[in-house]
Amino acid sequence: MAIEDFEHDSLRCIRCSYCKWIPWESMRHPDFMQGCPAAARYHFHAYASGGKFNMALSLMKERIDYTEGFLDAVYKCQMDGCCDVSCKAVNDIEPLQLMQELRIKCVQDGQGDPVHALIVEGLRKEDNMLQRSKADRGQWAEGLAVKDLTKEKAEVAFHAGCRYSFDEDLRPTVRGALGLLLGAGVDVGIMGESEVCCGGRAYEMGYLGELTKYAEHNRETLKTAGVTTLVTPCSDCYQSFKVQYDKIGRSLGIEVLHITEYLHRLIRQGGIRLTQEVPLTVTYHDPCHLGRLSEPWVHWQGKEVKVLNQMICHEPPKKYRRGANGVYDVPREILKSIPGLKLVEMYRIRESAWCCGAGGGVMEASPDFAVWTGAERLKEARAVGAEAIVSACPWCTRNFLDTAGETGERIEVYDLIDLVRQAI
């Protein structure tokens with residue numbers, strides 16, 4: 001697709017500013033009703049998706065050109081999709097896809113963010129988003145009795161992802177996740193130092209070629225390995241494998257599960273038994289990539305027609321992704337099954353959840369904005385009486401830990417994996 005494919009959406013945007021808020025039916029507290037972090041912080045319409053429609057249309061019509069302010073608005077966005085959910089509550093247009101194509105056009109026109117460009121340069125050299133040596137990618141699993149999929153067969157492939165592979169602070173969590181599978185007798189293997197990036201975060205930055213390259217590589221590698229199921233503890237990887245690859249016609253052709261889905265299956269089958277009490281009051285943070293952004297891709301082929309030369313309709317009717325079919329219940333069911341643990345909900349949850357702040361390249365290029373966004377979420381967690389915030393994505397965990405460290409917010413941060421291990 002291209003930015004021009006969304007010209008009609010740019011014309012149909014009624015500039016209502018609903019994209020800045022969560023849907024009204026989800027509003028439960030006056031302090032926690034905003035949905036777009038960029039609009040909430042920078043207080044200017046260009047930072048909301050409605051503003052992006054204006055900007056994109058003007059760029060297409062050559063009424064404006066790239067400026068420092070234009071690019072700042074484009075890249076101060078976590079690409080979290082909350083605006084997409086809200087917009088579709090009142091008008092069926094595609095703000096998130098428009099913003100994705102706008103970033104792709106910026107990169108193609110040589111207007112990519114300089115920090116993103118350096119990260120992608122490192123990705124092309126080392127096959128990861130953390131600019132670390134690819135030779136060190138498998139170190140996180142040293143000492144674990146797990147199969148090497150480059151040398152032997154297994155039913156399940158465990159894909160750690162870039163953040164878990166290289167973030168030493170999170171290493172106990174990813175080792176623990178694999179340990180849970182091994183302890184349950186799962187026939188599982190890893191690629192070790194041969195594992196590569198999913199390409200999803202580079203794609204959100206505007207680099208379409210990286211998504212295509214890694215989709216083709218991972219599809220061929222997993223096919224050669226002969227696995228039937230891919231499990232990952234990274235929500236970003238999960239969304240890439242399940243949704244983005246399908247979007248560009250490179251589906252893996254095997255079962256793709258997030259670690260929470262696989263653990264939930266093992267718990268129901270009796271392979272994992274949660275018997276130890278964890279006396280803690282927690283709230284669950286829905287990762288954007290595990291929640292609204294993981295909703296299966298909807299393929300549509302048809303044409304747009306104008307009724308009475310005015311209203312645009314689709315033949316055949318077009319189905320829209322509205323964020324409701326992400327992975328929401330499974331993590332909550334796991335938490336509720338842990339003895340002694342109490343789950344309290346924040347005011348913005350499920351498809352209306354507030355972003356952690358790490359998405360869309362913001363953590364890398366605008367860390368102060370990432371911390372501000374994370375601080376808003378930690379404040380919300382404390383407002384509902386939680387002692388700890390739990391997520392299911394290493395990028396969320398990393399940003400919450402950084403935010404708590406910088407702001408002094410007194411709240412514990414866990415990955416759901418950590419609590420499952422405590423309960424065994």
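1. Helices (H or I, at least four residues) and strands (E, at least two) are taken here as DSSP runs numbered from the N terminus. The model is a predicted one, so that local features need pLDDT of at least 70 and side-chain atom pairs count only at pLDDT 80 or more, while totals for chains, interfaces and linings use all residues. Residues are numbered from 1 along each chain as its sequence is written, and side-chain values use heavy atoms, with hydrogens and water left out.

2. The largest pocket holds about 690 Å³ of space, and of the 34 residues that line it, Met-1, Phe-6, Gln-97, Trp-297 and Val-298 are the closest to its centre. A pocket is found on a 1 Å grid over the protein atoms alone, as an open set of points where a 1.4 Å probe fits, with protein on both sides within 12 Å along at least five of seven lines, and a lining residue has an atom within 4 Å of a point. Grid points are joined across faces, edges and corners, and the volume is the space filled by probe spheres set on the points.

3. Helices H1 (7–12), H5 (82–87), H6 (95–108) and H11 (208–225) each supply at least two residues of the lining of the largest pocket, and H6 gives the most, with three residues. By residue class, this lining divides into 12 nonpolar, eight polar and 14 charged residues, where Ala, Val, Leu, Ile, Met, Phe, Trp, Tyr, Cys and Pro count as nonpolar, Asp, Glu, Lys and Arg as charged, and the others, Gly among them, as polar.

4. The count of salt bridges comes to 30, a salt bridge being a side-chain nitrogen of Lys or Arg within 4 Å of a carboxyl oxygen of Asp or Glu. One of these joins Arg-348 and Glu-380, whose closest N and O atoms are 2.8 Å apart; the pair links distant parts of the chain, 32 residues apart, with Arg-348 in the loop between strand S9 (341–343) and helix H15 (362–365) and Glu-380 in helix H16 (residues 367–383). Both Arg-348 and Glu-380 are buried, where buried means under 20% relative accessible area, exposed over 50%, and partly exposed in between (1.4 Å probe, protein chains only).

5. Asp-72 and Lys-76 also meet in a salt bridge, at 2.9 Å from N to O; Asp-72 is partly exposed at 27% relative accessible area, whereas Lys-76 counts as buried at 13%. Elsewhere, Arg-163, Asp-167, Asp-169, Arg-398 and Asp-402 are linked in a network of salt bridges.

6. Two backbone features deserve a look, given that most residues other than glycine have a negative phi, and most peptide bonds are trans. The peptide bond from Glu-315 to Pro-316 is cis, with omega near -10°, and Pro-316 lies in the loop between S8 and helix H14 (329–336). Positive phi values occur at Arg-15, near 60°, in the loop between H1 and helix H2 (37–42), and at Leu-308, about 55°.

7. Leu-308 belongs to the loop between strand S7 (303–307) and strand S8 (311–315) and counts as exposed because its relative accessibility is 76%. By contrast, Ala-392, in the loop between strand S10 (388–391) and helix H17 (394–407), counts as buried at 1% relative accessibility, and its C-alpha atom is separated by 8.8 Å from that of Tyr-284, 108 residues apart along the chain.
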